[in-house]
Amino acid sequence: MRYLVTGAAGFIGANYLKYILKMHSNCEVIVLDKLTYAGNLLTIQEELKDSRVKFIKGDIQNKELVENIFMRHDIDYVVNFAAESHVDRSIENPQIFLETNILGTQNLLDMAKKFWSIGKDEKGYPIFKQGKKYLQVSTDEVYGSLEKDWAVAQELILNESVRKVISGRKTLPTGYGESFFTENTPLSPRSPYSASKTAADMLVKAYEDTYHMPISITRCSNNYGPYHFPEKLIPLMIKNVLEGKKLPVYGKGDNVRDWLYVKDHCKGIDLVLHKGRLGEVYNIGGFNEEQNIEIVKLVISTIARIMRDEPRHQKVLKTELSNISEGLITYVQDRLGHDARYAIDPTKIVTELGWYPETPFVEGIEQTIRWYLENQEWVNSVTSGEYQKYYEQMYQGS
Ligand SMILES: NC(=O)c1ccc[n+]([C@@H]2O[C@H](COP(=O)([O-])OP(=O)(O)OC[C@H]3O[C@@H](n4cnc5c(N)ncnc54)[C@H](O)[C@@H]3O)[C@@H](O)[C@H]2O)c1
């Protein structure tokens with residue numbers, strides 16, 4: 001099992017690298033990452049010591065480099081996490097999103113096609129070596145935005161599929177609307193980020209249709225968990241609460257996202273890679289709808305509780321415990337074109353592959369907060385540029 005995992009110094013890719021090394025003793029992993037501001041070798045420093053892992057710093061758009069990787073290593077699976085991933089940044093500067101997310105994907109597809117094909121069938125389609133697969137990690141944002149039908153969350157109707165998805169949860173699932181994203185929902189991206197991810201998905205599908213390339217696509221809802229760069233909602237709120245800084249919330253804070261614990265996502269991706277049907281799209285996530293403002297309040301109350309109950313954690317506070325309150329919330333001008341609601345229907349991956357989100361939201365958030373409390377060094381290094389120094393030390397000249 002030789003994986004090429006791109007973007008594995010980023011949030012989800014790093015969690016995925018940790019997951020597969022634990023799950024598959026017989027795997028080898030080539031990590032290709034450009035180490036943009038979002039990629040941090042500190043995140044995977046333990047994994048880099050593993051003899052099964054080889055790290056290569058570089059851009060997925062670099063033809064010579066990617067060709068070289070395929071030439072030197074008999075890659076079985078490409079799992080493409082590498083992307084520009086922050087919507088706000090895509091509104092400021094769309095171009096790099098198009099370059100990395102679309103052209104980078106095309107380069108990976110081209111090289112995989114070149115090295116994996118072993119001739120042509122009678123109709124002229126390439127024949128691919130057995131067991132090879134390209135998996136594109138995509139997002140539910142390609143489907144656009146759903147209607148938010150209700151201002152207050154309502155309990156979901158418990159049909160058979162919902163029951164499977166919520167298996168193990170203590171509370172009944174609620175939602176803010178009647179419709180959900182399925183794999184058949186028309187693609188309708190609304191930000192430069194989601195437009196670039198959509199274009200990439202369509203290219204991946206086009207390589208399947210045109211060349212019969214062995215591919216899968218996964219589309220996931222918002223992830224949270226350890227190693228999340230503190231520019232995204234949850235880690236940013238945790239960081240600001242601990243520092244007693246204002247908590248900026250877009251608009252009225254009523255945008256809804258379907259939250260998934262990152263480890264559950266990684267498990268879903270690996271299942272699709274090994275068991276998913278070729279050429280198929282699988283949505284990953286489900287029935288964990290939360291409004292942004294509720295998440296911010298939950299982060300505040302959870303941190304305040306942990307600090308009170310376990311005073312040893314107070315050493316990481318850069319503010320008085322009494323300052324940790326909803327008074328820190330400040331409403332800021334809404335994001336341009338801010339999507340109202342995302343909600344995933346994961347029936348396909350649940351029924352075909354037996355996957356379901358194992359971590360209930362309240363538990364996942366507490367685990368995440370505890371991880372950040374215990375890993376302040378990581379937060380400080382990734383925000384201070386310390387990791388750049390670490391990179392220079394580790395990989396001088398490469
Ligand atoms: N974070 C989420 O909630 C979420 C949800 C659904 C889908 N996704 C998708 O999952 C993937 C990973 O997301 P993430 O949150 O871990 O992103 P991230 O921004 O944390 O990490 C991206 C990684 O890709 C690397 N990278 C960027 N440009 C590159 C290039 N040109 N060549 C090589 N490496 C490059 C970065 O250095 C970084 O390590 C993305 O494709 C994203 O669209 C993310």
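I call a residue buried if 20 or more other C-beta atoms lie within 10 Å of its own, exposed if 12 or fewer, and partly exposed in between, with C-beta atoms placed from the backbone. I'm working on a predicted model, where local features need pLDDT of at least 70, side-chain atom pairs count only at pLDDT 80 or more, and totals for chains, interfaces and linings use all residues. My numbering runs from 1 along each chain as its sequence is written.

**Ala343**

I looked up Ala343 and found it in the loop between strand E16 (329-332) and helix H11 (347-353); helices (H or I, at least four residues) and strands (E, at least two) are DSSP runs, numbered from the N terminus. Ala343 counts as buried because it has 25 C-beta neighbours inside 10 Å. Its C-alpha is separated by 6.1 Å from that of Phe181, 162 residues apart along the chain.

**H9**

Next I checked H9 (residues 262-275), which has 14 residues and reaches 20 Å from first C-alpha to last, close to the 20 Å expected (1.5 Å times one less than the number of residues). I found 10 of the 14 residues of H9 buried, including Lys263, Asp264 and Asp270.

**H10 and H12**

I then took H10 (residues 292-309) and H12 (residues 361-374), whose axes come within 10 Å and cross at roughly 60 degrees; axes are lines fitted to C-alpha atoms over the stretch in contact, and angles run from 0 to 180 degrees between N-to-C directions. That makes H10 oblique to H12 (under 35 degrees is roughly parallel, over 145 roughly antiparallel, 65 to 115 roughly perpendicular, the rest oblique).
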